[in-house]
Amino acid sequence: MAAALGMPFTGQGQNNSTESPYTRFGIGMRNETASTASRALGGTAYALRRADIINSKNPASYAAVDSQTFIFDFGGSFGVSLLKDQNNKDTRILGNFEYAAMLFPITKWMAVSAGIKPYASVGYRLGTTEPIPGAKDRNFTVESRGLGNISNLFFGMSFEPFKHFTLGANFSYLFGKEVHARAIDYGTSASYNPNFYETLSLRAFKTDLGLQYAFAVGKQGLLTLGAVYSPSLPFRSKQTFWDNISQGGAIVKEVRRDTISSRDAFRMPHEIGLGVAYSVENKLLLLADLQYNIWNNAFIDTSKATPTNQFGFSLGASFIPDSESRSLGRRMEYRFGLSGENHYLQLPDATGALKGSLVGAISAGIGIPMVDRRSWVDLTVEYKHLMPRAKGFVSENYWQLTFGLRFNEAWFRKLKLD
């Protein structure tokens with residue numbers, strides 16, 4: 001992998017939400033996106049319980065929505081990635097639609113939500129140049145690329161059986177396709193050049209179960225405890241392999257065309273999340289999350305990468321100087337976050353030993369109230385660093401701006417006529 005950045009790849013149509021060589025393995029990069037507001041809080045969400053934020057990471061939070069409002073939230077992102085190994089570095093531009101979600105009450109004690117967000121993504125462009133054995137001053141090139149997404153289309157509900165205690169569930173349909181291609185070029189029009197294509201289609205049903213319990217602390221404070229569990233469920237998968245040989249840009253021979261379908265070759269992990277939050281309404285919010293993902297037996301083919309259990313933490317804080325002030329700057333919400341985890345995959349190094357990576361991130365953001373003081377513009381800036389534990393592996397740095405719009409409409413309020 002040390003030489004993987006040595007030559008740019010000029011292929012078209014690559015995934016523009018990630019540029020990571022590690023997405024070649026497993027199901028790609030897990031990126032089940034939180035809302036823009038939650039991302040500014042380090043991704044904390046298990047105990048996040050706000051009437052004006054859609055928190056799809058813990059469906060128990062839905063019941064906190066105001067009984068007379070309808071919320072619609074969507075977000076997009078723009079960023080830059082810097083990939084670096086021992087000898088090379090490469091900077092790439094990223095940008096993508098992130099998510100869309102809506103939330104509305106059914107009764108005073110029940111609410112529902114629906115939306116779409118990413119679950120996993122693949123995106124990379126790699127190349128190497130190597131000498132042809134036995135041929136003086138002759139080189140061949142190897143170009144690799146990958147693209148694709150697995151999306152999460154979800155419907156969730158939450159209810160409050162008694163005051164300050166809520167239960168919720170998300171029911172999701174995961175679907176999408178990822179494509180990997182590798183081409184070897186010997187540099188002459190007469191040469192026979194091997195090409196290898198692999199597509200992976202995945203679909204599955206996913207369930208997230210959540211609960212939250214809040215109780216008063218002092219005169220103004222509220223302490224909230226949250227938990228989420230997602231069981232490991234199988235994907236229905238279809239892998240297609242197509243190997244051929246080309247000459248002068250035209251395919252001259254098909255070597256292999258094969259399709260393998262399975263109901264258990266890939267599985268999502270068991271996910272366990274715990275969180276705690278302390279809040280003072282319209283003033284202060286402090287959050288902390290712990291997450292443990294069990295990836296054992298997540299996929300059968302471990303010849304390229306081996307899954308490993310994943311532990312992560314996140315911390316977040318926000319404050320509003322004065323929610324009733326006439327000054328926009330004092331009515332804005334200021335957010336900060338910190339998070340860390342180990343990557344869910346281990347790869348063999350030069351000695352054959354399995355090595356993983358650590359991922360850390362810091363974030364900051366603001367929430368800007370609109371004229372109606374119910375809707376918000378959310379802006380979040382994140383810096384993320386992936387640090388491999390093996391010498392010679394690619395390290396990754398990401399700077400990303402995420403923007404979101406939260407429309408809070410008073411659809412269910414009764415008009416009063418004088």
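This note comments on the fold, the core and one surface patch of a predicted model.

1. Overall architecture. Two helices and 20 strands make up the secondary structure of the chain. The radius of gyration is 24 Å, close to the 22 Å given by the globule rule for 418 residues, so the chain is as compact as a globular protein of that length. Along the principal axes, the C-alpha atoms fill a box of roughly 90 × 45 × 45 Å.

2. Of the 418 residues in the chain, 50% are buried. Among contacts with a separation of 6 or more, 67% join residues 24 or more positions apart. The accessible surface is about 20200 Å², and carbon and sulfur atoms account for 59% of that surface.

3. Largest nonpolar core. This core has 29 residues, of which Ile27, Tyr119, Leu202, Phe235 and Phe266 touch the most other members. At least two core residues come from each of strand 4 (110-131), strand 7 (193-217) and strand 16 (345-348); strand 7 gives the most, with three. Leaving aside residues up to four places away in sequence, Ile27 touches Tyr119, Leu202 and Phe266, and its other partners include Glu178 and Trp295.

4. Nonpolar surface patch. A patch of about 960 Å² includes Leu209, Tyr229, Ile272, Tyr292, Phe311 and Phe313. Strand 11 (270-280), strand 12 (284-294) and strand 14 (310-319) are the elements that give two or more residues to the patch. Strand 14 gives the most, with three residues.

5. Tyrosine 229. This patch member lies in strand 8 (residues 221-230). Tyrosine 229 counts as partly exposed because its relative accessibility is 34%, between the limits of 20% for buried and 50% for exposed.

How values were computed
Residues are numbered from 1 along each chain as its sequence is written. This is a predicted model: local features need pLDDT of at least 70, side-chain atom pairs count only at pLDDT 80 or more; totals for chains, interfaces and linings use all residues. Side-chain values use heavy atoms; hydrogens and water are left out. Patches are made of residues with over 30% relative accessible area and no salt bridge: like charges are joined within 9 Å, nonpolar side chains (Val, Leu, Ile, Met, Phe, Trp, Tyr) within 5 Å. Accessible areas come from the Shrake-Rupley method with a 1.4 Å probe; for residues, only the protein chains shown count as cover. A salt bridge is a side-chain nitrogen of Lys or Arg within 4 Å of a carboxyl oxygen of Asp or Glu. Helices (H or I, at least four residues) and strands (E, at least two) are DSSP runs, numbered from the N terminus. Buried means under 20% relative accessible area, exposed over 50%, partly exposed in between (1.4 Å probe, protein chains only). A nonpolar core is a set of buried Ala, Val, Leu, Ile, Met, Phe, Trp, Tyr and Cys residues joined through side-chain atoms within 4.5 Å. Contact means heavy atoms within 4.5 Å. The radius of gyration is taken over C-alpha atoms; the globule rule is 2.2 Å times the number of residues to the power 0.38.
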